[in-house]
Amino acid sequence: MSMTTSTTATPTSMDMSGMSGMATASSTMSMGASSTASSMSGMNGMDMGSFGLMGMSDMAMVFFTAHDTPLYSNAWTPKTAGQYAGTCIFLIVLSFVFRGLVAFRSNLPAVVDWRTYRNESGIIYDERKHYADGCHVQRPWRINEAVVWAVSDTILAGVGYLLMLAVMTMNVGYFLSVLGGVFLGSFVVGRWTGAAVH
């Protein structure tokens, strides 16, 4: 039994040139998809571990509690519970240092002002010299201050990214260690950070 005729009616107002364009586009897409699939199937035989790449099946998308999760490199993989605890303590300290760096950076202009006026006026800091008629006098741009600001911002970014990578391992212990360090840092130096600083 062969079916050569169709029983569905086609509208007479439909432009058939548009249909041929759609057929060409779909065949082009299917050829592109098949060529991509064939090139990906050729990679199945390759050992992706030798290149240091992870497949989607290797990435954890939920939090887990394994004690042998690598941190920053395969060389830093805790093997015992003591090494895991040491790694968590390191993350607490790193988070604490991060909050201290945030407090330092948010007060850097005041520290520079204090040091400049201390050097100019001796040990006693005279606040009246710093403020003229109740308004803040803006200092000129100085290269040594700009270098200190740039270095502190770079260190802040580096430490922040290291903490982000630790959280992205999706290890519960690492995540809670980062949160614990942020809590301790904010508890100790939080009054020296601005309200808008995160």
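This is a predicted model: local features need pLDDT of at least 70, side-chain atom pairs count only at pLDDT 80 or more; totals for chains, interfaces and linings use all residues.
**Exercise 1**

Describe how helix 5 and helix 6 pack, and state which classes of residue make the contact.

Solution. 
- Step 1. Two packed helices are described by the angle between their axes and the distance between the axes.
- Step 2. For helix 5 (residues 143-168) and helix 6 (residues 172-189), the axes cross at roughly 145 degrees and come within 7 Å.
- Step 3. Helix 5 contributes Leu-163, Ala-166 and Val-167 to the contact, while helix 6 contributes Tyr-174, Phe-175 and Val-178.
- Step 4. Sorted by class, these residues are six nonpolar, no polar and no charged.

**Exercise 2**

Describe how helix 2 packs on helix 6, including the handedness of the crossing.

Solution. 
- Step 1. The axes of helix 2 and helix 6 are 7 Å apart, at an angle of about 35 degrees.
- Step 2. The crossing of helix 2 past helix 6 is right-handed.
- Step 3. On the helix 2 side, the residues in contact include Tyr-84, Leu-91, Arg-99 and Ala-103; on the helix 6 side, they include Gly-173, Tyr-174, Gly-181 and Val-189.
- Step 4. The contact of helix 2 with helix 6 holds 12 nonpolar, eight polar and one charged residues.

**Exercise 3**

Find which elements supply the largest nonpolar core, and follow the contacts of Tyr-174.

Solution. 
- Step 1. The largest nonpolar core has 13 residues. Leu-91, Phe-98, Leu-163 and Tyr-174 have the most contacts inside it.
- Step 2. Two or more residues of this core come from each of helix 2 (81-106), helix 5 and helix 6.
- Step 3. Helix 2 gives the largest share, six residues.
- Step 4. Leaving aside residues up to four places away in sequence, Tyr-174 touches Thr-69, Pro-70, Leu-71, Pro-78, Tyr-84, Thr-87, Cys-88, Leu-91, Ala-166 and Thr-169.

**Exercise 4**

Solution. 
- Step 1. Buried means under 20% relative accessible area, and exposed means over 50%.

Conventions
Residues are numbered from 1 along each chain as its sequence is written. Side-chain values use heavy atoms; hydrogens and water are left out. Axes are lines fitted to C-alpha atoms, for helices over the stretch in contact, and angles run from 0 to 180 degrees between N-to-C directions. Helices (H or I, at least four residues) and strands (E, at least two) are DSSP runs, numbered from the N terminus. Contact means heavy atoms within 4.5 Å. Ala, Val, Leu, Ile, Met, Phe, Trp, Tyr, Cys and Pro count as nonpolar, Asp, Glu, Lys and Arg as charged, and the others, Gly among them, as polar. A nonpolar core is a set of buried Ala, Val, Leu, Ile, Met, Phe, Trp, Tyr and Cys residues joined through side-chain atoms within 4.5 Å. Buried means under 20% relative accessible area, exposed over 50%, partly exposed in between (1.4 Å probe, protein chains only). A crossing is left-handed if the near helix is turned anticlockwise from the far one by less than a right angle, and right-handed if clockwise.
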